[in-house]
Amino acid sequence: MRYRLFGRTGLYVSELCFGAMTFGGKGFWEAIGKTAQQEADRLVGLALDGGINFFDTADVYSEGESEKILGKALGQRRQDVVLATKVRGRTGPGANQLGLSRRHIHESIDNSLKRLGTDYVDLYQIHGYDAVTPLDETLRALDDVVRAGKVRYVGCSNLAAWQLAKANGLAAQHGWERFQSLQAYYTIAGRDLERELVPLLADQQMGLMVWSPLAGGLLSGKFSKDGKGPDGTRRASFDFPPVDKDRAFACVDAMRKVGDAHKVSVARVALAWLLTKPVVSAIIIGAKNEEQLKDNLAVTELVLSPGEIAELDKVSALPPEYPGWMFDFQGRDRAPKDAR
């Protein structure tokens, strides 16, 4: 296992992060996974033995059951890991039991700590944007929970570039804790964040945690172009996240050739491609069984050649959009002569 600096912090995290979204299987999240405590204990143990020191969950996953199961599975080993959870989603029927208000953040962190069986989390992330709550209220509340010792770092998920830039600008202005990381969707078949978010993350020295690196299993190589796949898979019953299927299967075809050359799965190639991107701090992997987890862990042993990376970059390239193509066009006369 390799470890990477987490954004602008002094924290080192494993380049694979174990995601506990499949733990519990309660309510809406049943379609994602139904891993019970005994199996979760075994998977978490395998992840730790494989060198993973980074674990991610959220208060809404299986209505809090994911946090409970993960906390019990880590047990005394909690002190050896970087533990992350999230806040924003609905946690009860009340009018104020969702969002990013001061009230909901303070209630949610206390409830998450109880479920996780710990007195602090290393990374507390807002799970998305809240258009109702003023951004300064959210940021000040997050700063408060850090100062209270309940949280070490704060991060965000599913934000647009302008929202993230505004948030860290406000944090700098007031001396509040800044967002150290973004958790976002990124795959070889979904490279949209490269347009605005990747340049921002690089400029601000922020970490990137990738969720759904296999596009909900679509990039596993187990699905045909007509959308048919193995029974019981997440994508078969929950067609998310949205993907340009034509581009996705063109990528799968290219990755299959690379996988055959290395005698590895298509899924492993998809993960290895992501790990070639400097902006990526960690890829969040979720596993329903030991076979999936071991295949994902083995990605750290796969080294793609420059030619293979170039070919995969080419087949998955985003179509040019304004103003990106203008930046490239106007940037030509600013490049050193030996770089042209």
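1. Buried means under 20% relative accessible area, exposed means over 50%, and partly exposed lies in between (1.4 Å probe, protein chains only). By that cut-off Tyr186 is buried, because its relative accessible area is 2%. Trp273, at 0% relative accessibility, also counts as buried.

2. A note on the source. This is a predicted model, in which local features need pLDDT of at least 70 and side-chain atom pairs count only at pLDDT 80 or more, while totals for chains, interfaces and linings use all residues. Residues are numbered from 1 along each chain as its sequence is written, and side-chain values use heavy atoms, with hydrogens and water left out.

3. Now the aromatic pairs. Rings of Phe, Tyr and Trp (its six-membered ring) pair if their centres lie within 6.5 Å; planes under 30 degrees apart are stacked, over 60 edge-to-face, and the rest tilted. The count by this rule is 9 aromatic pairs. Trp29 and Tyr61 have ring centres 5.0 Å apart and planes at 65°, so this pair is edge-to-face. Trp29 sits in the loop between β3 (16-19) and α1 (37-49), and Tyr61 in the loop between β4 (54-56) and α2 (65-74), so the pair ties together parts 32 residues apart in sequence. Both Trp29 and Tyr61 are buried.

4. Back to Tyr186 and Trp273. They form an edge-to-face aromatic pair, 5.9 Å centre to centre with 65° between the planes. Tyr186 is in the loop between β8 and α6 (197-204), and Trp273 is in helix α9 (residues 266-275), so the pair ties together parts 87 residues apart in sequence. Helices (H or I, at least four residues) and strands (E, at least two) are DSSP runs, numbered from the N terminus.

5. Phe18, Phe23 and Phe55 make up one aromatic cluster.

6. Look next at helix α4 (residues 135-147). Its 13 residues reach 18 Å from first C-alpha to last, close to the 18 Å expected at 1.5 Å a residue. The expected span is 1.5 Å times one less than the number of residues. Which residues of α4 are buried? They are Leu135, Thr138, Leu139, Ala141, Leu142, Asp143, Asp144, Val145 and Val146. Their cover includes α3 (102-116), β6 (121-126), β7 (151-157), α5 (161-174) and β8 (179-185), where contact means heavy atoms within 4.5 Å. After α4 comes Gly149, with a positive phi near 85°.

7. Leu5 is found in strand β1 (residues 3-5). Leu5 counts as partly exposed because its relative accessibility is 42%.
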